[in-house]
Amino acid sequence: MKSTNLEVKAANLVVGMKARLGQIAQPAKMKEKIMHQQKWVSASEVLKRSTIEGTVGRLMRGLFLAAFGLIVPAMHAHDQASQLQNNSMVTISTADNIVENGRVQVTVHLFAPADPSTLQIEGNENDITYDFNKSSCDQSPCDITAQLDGNVVIGGWNYLHATVEGPNASADSASAQFYDNYGVTDPTTGYAPSFAVHIHATALHGLEVDYAPGVGNTPTYYPNRNYPGCPYGVLTLLTLNRSTLAPISIRCFGPNDNTSLNTYLKTLSKSDLVFASTNREEPLGKLNLAPIGGTDFTATGAPTAYGYSIIGYGAATAGLAVESYNTWHSHAWHGLEGSLINLGSTTPMYGFRSTDAPAFAIQPSASGSQAKITLGYATSFPIGEGGLPPNFTLPSQFTNTTYTSPACRVTCAGGLFTAVFDAQTLQLRWSNTYATNSNDSVAEVNRMDNDLNFHLYSYPPGPSIVIITTVGNPFGTATEWSNARYYPSPGLVAIIQKLGVSPSAFNRLIAGGSFSMIGVPGGLPAANQGIHSITKWYSSTLETGESGMLRGLLLRDRTFVFKPSDVEPFTVDSSIPNPTANQLLSFAIPNQVGSAPSVNWPAMDTAGRRNAYAYASDQMNRRDFYSGDQCRLPLVQCEDIRARYTSSQLNNITNGIDPRTITYPSGSNPAFTPDDLTAVTNQLASEKQYLSNAANYAALLKEINTNGTMNIGSSLQASATNVSSVLYSVTSNVGGSKLSLVPNITSTVAGVIGIAGVYTPAGVAAGVLGTAVNIVNLYNSTKSQPDPEVLKLADLLAQNSGAASIFAYNFNSAVQSSTGVYFNGVYSDWFKLQTIGLMTVTAGSGWYYETVGNALTEYNGNFVTSARTSFYEQIVPQYFTEIRLHKLWRTYLLEHGNTQATVNNWAAEQNAGFPPKFLSNAFVFDYSPTPGYPRCVDYVYMITKGSRIQVPSYLGAVYTWNDDLGTTLMGPAGSGAQANLAIPRLFFYDTSGYAVAFDTNPRFKAPNGECGL
């Protein structure tokens, strides 16, 4: 397909999309014509929606995480109500974009159903609500105006932001900006860094920041002539203005200068961005970086850091900085690398984002074939048929590699493909296939055990990621396994558990099946160590609905090390016997596009084209913003139209002139040729179309938060009522239990849950919103990061308390803000803009505007489910304690004529030996595989806290989880993710995280040491 056809089709669809948003009228026949013209399909067969289907059963990691994975943009018929929701509840505008005398008139427009009493307005980070006459507006729609003067207006750029609440805690916001020329004499004033600025701590050049005032968006290295460096072996600390990225100072602090360091750090505010580093082999020393969100290396037990780098800000909450360092002096230098992105809502405010978001897909194999590990990025996108669009450029890191299992070193019927990757670079360190189903099974298991111990714990080369998957039947049913006194290897099982994966699930492979896992040494504590984490890093065919295949993202954590994120089992459509790497990794496109490093704008590669761009930008500014008159901004901004892409005046460009109508200047001698101008204006015309497409799609996602029919507050109350009623039979004080409702989604890591399909709208929206959260994970504002909002379940049960409504409003506002940051990143980068601009008008991509669908009801219902899950996770540990009975001699007892009910009853009686701090009501959690002894079984009891135990021996039937609480929380045995907690029972055995007491003196002992007693 020729580029002109691509652009024409995209342009035609913009008309229909604007009409959908109520911007212009759209007769039915016009809509039919537009739809008839749309012939685009996925870029290749590998990107069909039916290619890869996600499985149900994705574990939920908290209220916001769960909600994201289920969000689908809403699309309504064109009735009056939907028109109101598709349009904003609030806009803000100024009488002039350029102010000459320090005074400007500002108008806030409120549309129904906005509540005027909730209106809040900020100007340059200050609350200026009271400058507006809110009393003039009792009910929307209405206009509220103010005349701002020197008390608010400053020289240069000024930023305004308004927020308002609608019915059912819906939220909306709007921004505006204007420029004040009064008193501005410096021609570079107003020249600002781009939305994303690359930074890198390098061992050779020092601290690289790809912007400096007066220099522009090119690499600037610190130390330099104006900011001299530090002696070798000390911490070099660069402080930047967080709004302008202008350097403030460079300070030097030796390994023993903690007093001086902290004296300085405590003078910094949240408007100060701090970037610091040491040399590779030199120790940082006993320095406390906590005042800027880093680690306190003076604390007892703190590691010794080598090759240290940090990016933080003044007065930061502990743990919010990003750090990179080694704990061994000879390890390779890594440093920090990523982007500073503008997160400000009223004034520019820069924070750090990693540009790494590789994905992985793990495929076990049948006997005789190869298992596969695919790692990296999708390199093909659904952006239309007929080849790539003009000037399409992938970021350099968008590649992928597939690792296949080597053959067993002996003849085998099955085995385990094991690979260890460097968690800082993702380079493969070591891999092998162990013939665990062969004549040398025992020796091979022991060899795997020894190799893992050596590569992970004996002189470790640094942080690691371990991937294990099966080849054929991993253990078989050979006599040496099924009749042994132990499962394959207690040592190997212990390693699996240290990697954060269920050893019980691994042990069950004795019965055969396919299995895949990804783990991090120390990623999760060993079983029963008090961490209530439900991050499931494995897939097994022994779990209902799972295929043994596993996929997810690898995202940088705050130590700049890759960790598994958004991990889920998946299946491959049976019609695709050999999926490609692009098929396997396509689920990650929203995250990978949103987090990608910047790609240079095309047609800027010569001096002539850059001059032509400056001329075309000035012409667009004149005609789009000043009715053809001279552009009154500083020259550097008049000649850079892209600086407007992330501004509140974006609509002036998308509704403005066609850049191709700009003619070559006559009667002059410009520093560019007609061909230069043609290349530039064609490029700008494409950008304008993509901007329209992306902006209209962003408006769809915004409706999730502005739609007043979605009563998230009521959803929270419904969830609270469900939890309270279920648990009230166990304790009468459930309403008093504490909950953490995090009002700011940016304080948590993104997650995507249970997406069925590759490019389903749910998957796209979840990926976009999830990436938005990743983007604003740090440095969200100059204000203090909010602590989790702690309330009681009773607060949500009280209909008039307002707690649920407040939380729902905060939730909607935060999601909307995060989504806005995501799309600002799209508007400011060529790769993101082109890719998303085309996917939104490509039928079959899952991003296609016309087929997104109406899913408000579905979203709200799923929000109830996810909220309930979060409440259960938090409340159950407050009222229950686990008791695990080790090595109960179940098999022997059953073989000697006892019933299972009798065995359960006897197991319950053993509770009588526990301390009196435990209550009655022994809920048997069923029996679980016993690591090391297959004929003995561990029983787990969930016991209410707070009183003496009362389990009489005459109990005719033990209270079991299957009969009571367990079914409510996790559903019938084998129901997997369909229950409230969506936690597979095997997984719960190992990571439930409740305080656990162990029965060390079981009553029933097997003869001949069968149970290891």
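What follows is a short tour, from the whole chain down to single residues.

First off, this is a predicted model. The chain holds 25 helices and 35 strands. Of its 1013 residues, 58% are buried. If you take the contacts between residues at least 6 apart in sequence, 72% of them join residues at least 24 apart.

Now zoom in on helix α6, which covers residues 441–457. Which residues of α6 are buried? They are Ser441, Glu444, Val445, Arg447, Met448, Asp449, Leu452 and Leu456. As background, an α-helix has 3.6 residues a turn, so residues three or four places apart point the same way. After α6 comes Tyr459, with a positive phi near 50°.

Helix α6 also has a partner: its axis and that of α8 (residues 490–498) come within 9 Å and cross at roughly 40°. That angle makes α6 oblique to α8. On the α6 side, the contact is made by Val445, Met448, Asp449, Leu452, Asn453 and Tyr457, while α8 brings Gly491, Leu492, Ile495 and Lys498. The crossing is left-handed.

Next, some loops. Ala366 sits in the one between β20 (359–363) and β21 (372–376). Is Ala366 buried or exposed? Its relative accessible area is 51%, and exposed means over 50%, so Ala366 counts as exposed. Even so, Ala366 touches Val471 and Gly472, leaving aside residues up to four places away in sequence. The C-alpha atoms of Ala366 and Gly472 are 4.2 Å apart, although 106 residues separate the two along the chain.

| Cis peptide bond | Omega |
|---|---|
| Ala112 to Pro113 | near 10° |
| Tyr222 to Pro223 | about 0° |

Pro113 belongs to the loop between β4 (104–110) and β5 (115–123), and Pro223 to the loop between β12 (220–222) and β13 (235–241).

Finally, two non-glycine residues with positive phi. Leu426 has phi near 65° and lies between β23 (412–422) and β24 (428–438) in a loop; at 11% relative accessibility, Leu426 is buried. Ser627 has phi near 55° and is in the loop between α12 (607–625) and α13 (635–638). With a relative accessible area of 71%, Ser627 is exposed.

Definitions and conventions:
Residues numbered from 1 in each chain as written. Predicted model: local features only at pLDDT ≥ 70, side-chain atom pairs only at ≥ 80, totals over all residues. Heavy atoms only, no water. Helix = DSSP H or I, 4+ residues; strand = E, 2+ residues; numbered from the N terminus. Expected span 1.5 Å × (residues − 1). Buried < 20%, exposed > 50% of the residue type's maximum accessible area, 1.4 Å probe, protein only. Contact = heavy atoms within 4.5 Å. Axes fitted to C-alpha atoms, helices over the stretch in contact; angles between N-to-C directions. Parallel < 35°, antiparallel > 145°, perpendicular 65-115°, else oblique. Left-handed = near helix turned anticlockwise from the far one by under 90°.
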